[in-house]
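These are my notebook entries on the secondary structure elements and how they are arranged. I wrote them in the order in which I looked things up.

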Amino acid sequence: MNDSGLKLKIYQQQPVHLDVEIECRAGELLALVGPSGSGKTTILRTIAGLQLPDSGHIHYDEEVWLDRQRGINESTQNRHIGFVFQDYALFPHLTALQNITTALGDLAPGLRAAEAHKWLKIVNLKGLEQRLPADLSGGQRQRVALARALARRPKILLLDEPFSAVDTVTRKKLRQELAILRRSIKIPILLVTHDLDEAAMLADRLYVLHKGQTLQNGKPDEVLRYPDNALVARLMDHSNIFSATVEGHYPQQGISRINWYGLLLELELNEKFAVGTSVDWVIHPAHMIMHRRDRPSRGERENPVHGEVKELVFLGETAVVRLELKQGDANILNFSLSSHSARRNNLCVGAPASVSLLAEGIHLMAQKVTGD
């Protein structure tokens, strides 16, 4: 197995602050996520040699592409990067076939057309060889850009929000195609995206960036379910983030308890935080169960909370609920359930409702001393 990979550590103040250290192994897809201005695209451009940081180094396998201290800065051409830009950056006066052929300069002229045809077939564009970019759909242009990047036989593939310019249906199809294609591409792949579903679906690991720094990295399900702090939780689109105090640990029962504005909530044993510690905590809507009015269940004994429906929005088969609770200042719970269940329980704005917060879904986080 090829153990080659990308390692970088870069720092710069301007124009975008960056202080990051990233490693992406061969065959791994790493997603960079975070708000606009967090440095995601700048990292890709720095890897490609299109921007020069104040300090740091970039290594691919045994090759040194950048080492500011030693004065090494390999050209973009010598780094052999495949780069799919957000706007695809196709040559508008060249056909799909010709755009791909531009990436094959290292092949003998007589071999380039056949190789370009091969890549068009791989990305499902056979028959569209002579079309100009203006005559292609957004999804087709994206495929040409991806084929051109891969035709270079790159050592690393960089994808800068490659699906952002296409409609939802096309985006879903392109994601699936990339998921299949990457199985045969044993190179490091870095994907910049604002779409958390896309990152979770495609990536082996997530790097959560904010203001040019890495807040957390790990497997997508771990980062999404177990954010390190409230800022990461917000960036991961959690809407139920609260503060509490650790009330006690009970190893024999396998539980800990937190005091949330006078309400004691149980969670799975977590002795990481000492009794009396102020913590933030989060719970995903998937771990919130609304009580049925017509048929009580044993699950209602698990951290039941009660409140009044403040907002109720039906989105097709799903109903989104904002429930105002009776305790605390941060007293809004957000969750969803099937529209059928909402109607069966006669949910409406102003109606009382009760929800159980499952112990397994409550995740504690250290509070930051300083502001975000």
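I began with a helix pair in this predicted model: the axes of helix 5 (residues 138-151) and helix 6 (residues 168-181) come within 11 Å and cross at roughly 20°, where axes are lines fitted to C-alpha atoms, for helices over the stretch in contact, and angles run from 0 to 180 degrees between N-to-C directions. That angle makes helix 5 roughly parallel to helix 6, a label given to angles under 35 degrees. Helices here are DSSP runs of H or I with at least four residues, strands are runs of E with at least two, and both are numbered from the N terminus.

I then listed the contact (heavy atoms within 4.5 Å) and found Gly-139, Gln-142, Arg-143, Leu-146 and Leu-150 of helix 5 meeting Thr-170, Lys-173, Leu-174, Glu-177 and Leu-181 of helix 6. These residues divide into four nonpolar, three polar and three charged, with Ala, Val, Leu, Ile, Met, Phe, Trp, Tyr, Cys and Pro counted as nonpolar, Asp, Glu, Lys and Arg as charged, and the others, Gly among them, as polar.

Next I checked confidence, given as pLDDT (the predictor's confidence in each residue, from 0 to 100): the protein averages 91, and 95% of the residues score at least 70. Among the elements, helix 6 has the lowest mean, 86, and strand 3 (residues 29-33) the highest, 97.

I turned to the strands, where pairing requires at least two DSSP bridges between two strands. Strand 13 (residues 255-260) pairs with strand 14 over six bridges, and Ser-256 has Leu-267 of strand 14 as its bridge partner.

A further open sheet of five strands, also antiparallel in its pairing, runs 16-20-17-18-19, with strand 16 (288-290) and strand 19 (332-338) at the edges and a twist averaging 45° from one strand to the next. Three bridges hold the antiparallel pair of strand 16 and strand 20 (residues 352-357), and Met-288 stands opposite Leu-357.

Last, I looked at the hairpin of strand 10 and strand 11, which has two residues between its strands and, in the turn, Lys-211 with a positive phi of about 55°. Five bridges join strand 10 (residues 205-210) to strand 11 (residues 213-218), with Leu-209 opposite Thr-214.

For the record, residues are numbered from 1 along each chain as its sequence is written. Local features need pLDDT of at least 70, side-chain atom pairs count only at pLDDT 80 or more, totals for chains, interfaces and linings use all residues, and side-chain values use heavy atoms, leaving out hydrogens and water.

How values were computed: Parallel < 35°, antiparallel > 145°, perpendicular 65-115°, else oblique.
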